[in-house]
Amino acid sequence: MSPKQEAGPKTSPANEDLFFGLFLLGMAILVFASTRKLLIGTSSNMGAGYFPQAIAWGMIFFGVFFVAKSQVRPSEKVYAPYWRGLFLIILAVAVFSLLLMKAGLVLAAFLAMLIASAASKETRPVEIVVYSALMSAASALLFVRALSMPMPIFPW
Amino acid sequence: MELFSNLMLGFSTALEWHNLLYCLFGALIGTLIGVLPGIGPVPTVALLLPFTFGMAPASAFIMLAGIFYGAQYGGSTTAILVNIPGETSAVVTCLDGHQMARNGRAGTALAIAAMASFFAGTVATTVIAMLSGPLSRLAMSFTAVEFFSLMVLGLVAAVIMAHGSIVKSLAMIGIGLLIGVVGIDVNTGVARMTFNIPEFADGLSFVSVAMGFFGLAEIINNLEKPSHQIVVSQKMKNLLPTWQDLKTAFPAMLRGTAIGSILGVLPGGGAALPPFTAYAIEKKLARDPSRFGKGAIEGVASPEAANNAGAQTSFIPLLTLGIPSNAIMALMIGALMIQGIQPGPQIIVEQPELVWGVIASMWVGNLMLLVINLPLIGIWVSMLKVPYRLLFPAIMLFCCIGAYGVNNSVMDIWLMLGCAVVGYFFIKVKVETAPLLLGLILGPQLEENLRRAMLLSDGDFSVFVTRPISAVLLGSVAVILLVMLSPAVLKKRDEIVESEG
Amino acid sequence: MRSFKLSRVAGFVFAATVTASLISSSPAQAADDFNHMVRIIVPNAAGGTSDILARLIAPKLSEAIGQTVIVENKPGAGGNVGADFVAKSPKDGHNIVLMDVGTLATAPSLFSNLTFDVEKDLAPVGMIMFVPYILAVNPSFPAKTVDELISYSKANPGKVSVGNSGVGTITHLVGAIIAKEKGLQWKYIPYKGGAASSRAVVTGESNVVINGATATAPFVSSGQLVGLAVSSKERMKNFPNLPTFREAGLPQPDAGSFQGVLTTGGTPPAVVKRLSDEIIKILAQPDMQKKIAEQGGVIQSAKPEGLRDWLQEYIKVFGDEIRAANIKVE
């Protein structure tokens, strides 16, 4: 999938299974922590904690399985994330969320699109500014005017 | 014959010119909102409900119904073109539909989706006309026990659907189940894993999660590559399917229709169960299951048929028993009651023009949608020629707006963002997210029905095998699991996984 | 690159924009208490009693005050999410919530971490509609009257399942109070809402249901459920053979679904009164009267003081009953 893949898969200790296994264990711990105050109940009257904790035990099992497998039969190594894309998309969506209700859809959408577009090496400056402005305006008309979605268009 | 005269009555109602217009209007709006991610049929129907007060009941119903199944058509379009499932029912179409688009066969995929939907719609209309009685009785015999077993069967479908290691799929289902737990617990009223965020009290919005995992994560992943490798190949092969395509797709359409018609009648399960199950069965029955996930036509034809058939047959409990099988039907009941019509078994007797008119209009609506959508394929496909550098910010924007639109809550956008990051992680460690989504959809109902069944049976687990329907369902689960874990099948899957690298 | 033209995209977008704006329209501005869009928040899923009522009222209210009025569904936590939203909105009366106020009356006693104060953060506008409850059973259940239900339940303790619309809802509470007073041991099966609980008793999954007449009456009419009693002052016109709770000797004879309207606490009283006056006028219109009556509803006074007093009284009454019946939401 990734362009950095050359002839034949490369394995390494820091491989897919390891990270996935660790993720599962982390999730299980999170579930146990956030449900610790819930009643488990009995099988005829299952409490709120019964089901999530049962599944969480399953996650622990799978997590251990994958971590073990990752060391015994290493799978393909995980390639570095595309930081620029990740960071900019996160920023773009965050900006949108923060600005939507305060500055209105047009500004939030415009800024978000500009920020996101910086994640692509192929973006052209003038083109993207015009395009983003048009899309923001069109979205406002379509979603807020025509479809009556409750959000401000402009800050005033 | 009574059926014939009923249908004649129905068509005479449906073909009145104003009803035709309402049908068209509903179908168009439905398609539009189906295409737009995040805005679904439920808020749209709710929005248009007041406008129906002044309309004749049959017209109102025809229009609202049109929105519902029109949305199924629209949802598949975005699923195929940009891999974003706007509706739960479209998730499965993403799997092979989008791959077909990547292989330059977007037009074929869209056309097959439209045709499968039309075929299913026609058959489903007939089913409704002829089999309402027996199907309603089937729906009535489902209690918590049977629902639980059905959900288990559905989850097993997720394992079948998955491409690679069964263990990974099971783990992903588990994650989905856990995400589904978030919210207020039905049985005790206690908030679980909501971290004191009030917007999560009713669970995490499926649309946000799906768009985060499928839409945004994929965008981040795509940005790494130069754009000519992304989305779809610019060389569009034929816009329409070949004869060979149709021959392959047709049996899949039949199976999908059957599955959708039966599963659609059952309350709960929602719109997602029919397509997921249909896909799983296609994959199981295929001579070469490795094609699935890479652009197999059956992987589009069957789920599309299933979700359209399911959408229409979900009207059966409403029309025959006055019981809504999903949120849209509940809205329809509201519409009926405002018109002064009491929904219930007597509605078929007291308001035959309404009931049969709606049934007939479904077929008319499907025909309209087919006729409208086929030429639109050209337009959709030309939109794909938009360079990715412009396409992805727009997709991102629509995802944001869509995520907000489900519940009018900004928190849902943040949720989507979180899922995008996790989804990107999943892409990097090469696990499929489809089983997770299925776990998320089915999890809450699985748990709710398990606990209710146990409450009612006072903790007696044997009810699951002593009640006949449940026994059959669980028996099927056992058989499927045995087959999947059998050495022959395992070996074949390993070969597939290794050959993919 | 090839034949992609930005201008073609721009043209398309422009055309779509113009079309979209032609579809929409904005209402005339009016000076007055209301100067921008008003939202009626319905804290339940679309299609329920509150939702239908809100959608009936919205267009008429819009005409009356000269502003767009939209209905927004914000379901969750039995109604508390929507109520919380209005409680935290600006104090200008432009966000109102229409809901079953029984939920508001029980919330303080049920939820220790309720995120708003029912009496301080919400300003009552008025009680709009009352819909009584119907107590009904599945047709194959061996009890066809209230007395038979009571004796059967006594003979089979812990076996009779009573469905309700959620833990801590009034439908649950009423069931628990009946059981306590008559000395019965019932199994309480919570469902996600009244539609689900009614449906479950129709299929026979649970035995007994207590639910609003709007959703339950159709099933009784069609024979899919057998009605045992109704919690209104007089017998319902559609069911002259159905005794009232009072006649059947059941406690809680006036229980039911009370639909009320509230806005943000601290809103100027003049604005609150304006809302109340307009709603009273709307409720007096003949088509509204007809539609509400068709749902089995009884129109109420819609005055702010009436709702405020009701809430004060019932927060205490339900609180006592919740503690007495030992209902817990952990």
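The model is predicted; local features need pLDDT of at least 70, side-chain atom pairs count only at pLDDT 80 or more, and totals for chains, interfaces and linings use all residues. Residues are numbered from 1 along each chain as its sequence is written, while chains are lettered from A and ligands numbered from 1 in the order in which they are written.

Helices (H or I, at least four residues) and strands (E, at least two) are DSSP runs numbered from the N terminus. Strands β1 (residues 38-42) and β2 (residues 69-73) of chain C run parallel and are joined by five bridges; pairing requires at least two bridges found by DSSP. Ile40(C) stands opposite Val71(C) of β2(C).

The loop between β1 and α2 (49-65) of chain C contains Pro43(C). Pro43(C) counts as buried because it has 27 C-beta neighbours inside 10 Å. The C-alpha atoms of Pro43(C) and Met99(C) are 6.6 Å apart, although 56 residues separate the two in sequence.

Helix α11(C) (residues 269-284) has buried residues including Val271(C), Leu275(C) and Ile279(C). The buried residues of α11(C) fall within an arc of 165° seen down the axis, so they line one face of the helix (the arc is taken from the directions from the helix axis to the C-beta atoms). Pro269(C), Ala270(C) and Ala284(C), on the other side, are exposed.

Chain A is divided into domain 1 (16-72) and domain 2 (83-146), with bounds from an automatic or database domain assignment.

Conventions
Expected span 1.5 Å × (residues − 1). Buried ≥ 20, exposed ≤ 12 C-beta atoms within 10 Å, placed from the backbone.
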